[in-house]
Amino acid sequence: MGLKVVSSEIISFSLLLLLASTAKAQSNGVFDVTKYGGKEDITEALNNAWKDACASTNPSKVLIPSGTYSLRQVTLAGPCKAAIELQVDGILKAPVDPDQFSGGHWVDFSHVDQLTLSGSGTFDGQGNVAWSKSTCSKDKNCEGFPMNIRFDFVTNGLVRDITTRDSKNFHVNVLGCKNLTFQHFTVSAPAESINTDGIHIGRSTGIYIIDTNIGTGDDCISVGDGTEELHVTGVTCGPGHGISVGSLGRYPDEKPVSGIFVKNCTISNTANGVRIKSWPDLYGGDASNMHFEDIVMNNVQNPVVVDQEYCPWNQCSLKAPSKVKISDVSFKNIRGTSATPVVVKLACSSGIPCDKVELADINLAYSGSEGPAKSQCSNVKPVISGIMSASGC
């Protein structure tokens, strides 16, 4: 009998220690990584805090307070038992050497419902070494360095106030997500950074990018196959390659793109403005219901582009036309300045011409030495209304 009493007391005492430890690690649903031993390298602490928060049946928050921390490759996976938030107020630094990664990401949020990523913090990919090793400027099959942040199969998510800086590859990749919003989000990388798309979206529905500032070395926003109901509003873009749908038609069995709405954006000092691009002579696809409206261009090289002969590094054949069908597209109230004389270029497929394309109130000025502003159209007959500052189409 005495042994049973002692055993029971030991069990009760151990339980109290466990509860006390858990209570110390989290307070009012907040799981602070520094209470999990996170100091300089917080990888293990973040993993453990996330697991505890994810197991909570009440809404929870993982907190990374102000400070500078090293963070190795992590996957923060669900499903979680309730809504979960990661609040990053510190600066997170990735390993410099791209060889320390596998799987193409630095931080991956996977299969989480009701996710919030918030805070005043920064994900610093420290990408300079990777850019110097990259072959992406001349090789379409270039080595895939890790992306700063991946969102894989996240539903009902919000990303706000966070900064991503100097990613080795894309800053953000969105795949298989539904109802995910980026608000007051910042992407920062120099113009010479290679293949550093700001936000890439693929096979996702209901993505909102609002009041966001993107400056990088590739597309500010790039839209891959299977994207539906993408709403981009109040975005400033530059430097970079503009806001692009595509490239499409590079791979077999691509899903249709539909419902792309880009409105009230400012694009400055970029290689392109708003662009739709597909590869020639490869695979079929469909892109429709795409609308670009109220866009200000400041010294943009190619402000309005449909390019169905997209063939970087001449590593494809131009002998056969693109098999991607583009239809129901509008460019409305596009104004500002162009760095090149061709302010509108609609180069559609000779095999499947573009259908239902509208140009309305295109007021783009070119002041260079190569003559007045002009437009070029092939394999398309756009409906033109309102101001058209550049003749040709």
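**An open sheet**

In what order do the eleven strands of the open sheet stand, and is their pairing parallel or antiparallel? In this predicted model, the strands follow the order 5-8-11-14-17-20-23-25-27-29-31 with parallel pairing, where strands are DSSP runs of E of at least two residues, numbered from the N terminus, and two strands pair if DSSP finds at least two bridges between them. Strand 5 (74–77) and strand 31 (374–378) stand at the edges with a single partner strand each, so one side of each is left without a neighbour in the sheet. Neighbouring strands are turned by 15 degrees against each other on average, direction ignored, the axes being lines fitted to C-alpha atoms, for helices over the stretch in contact, with angles from 0 to 180 degrees between N-to-C directions.

Strand 5 runs parallel to strand 8 (residues 105–110) and is joined to it by four bridges; Ala-77 stands opposite Ser-110 in strand 8. Helix 2 (residues 43–55) packs on the sheet and touches both strand 5 and strand 8, its direction making about 5 degrees with that of strand 5; contact means heavy atoms within 4.5 Å, and helices are DSSP runs of H or I of at least four residues.

**The whole protein**

The protein has three helices and 32 strands, and its C-alpha atoms fill a box of roughly 100 × 35 × 35 Å along the principal axes. Of the 393 residues, 50% are buried (under 20% relative accessible area with a 1.4 Å probe, protein chains only).

**Basis**

Residues are numbered from 1 along each chain as its sequence is written, and side-chain values use heavy atoms, with hydrogens and water left out. Local features need pLDDT of at least 70 and side-chain atom pairs count only at pLDDT 80 or more, whereas totals for chains, interfaces and linings use all residues.
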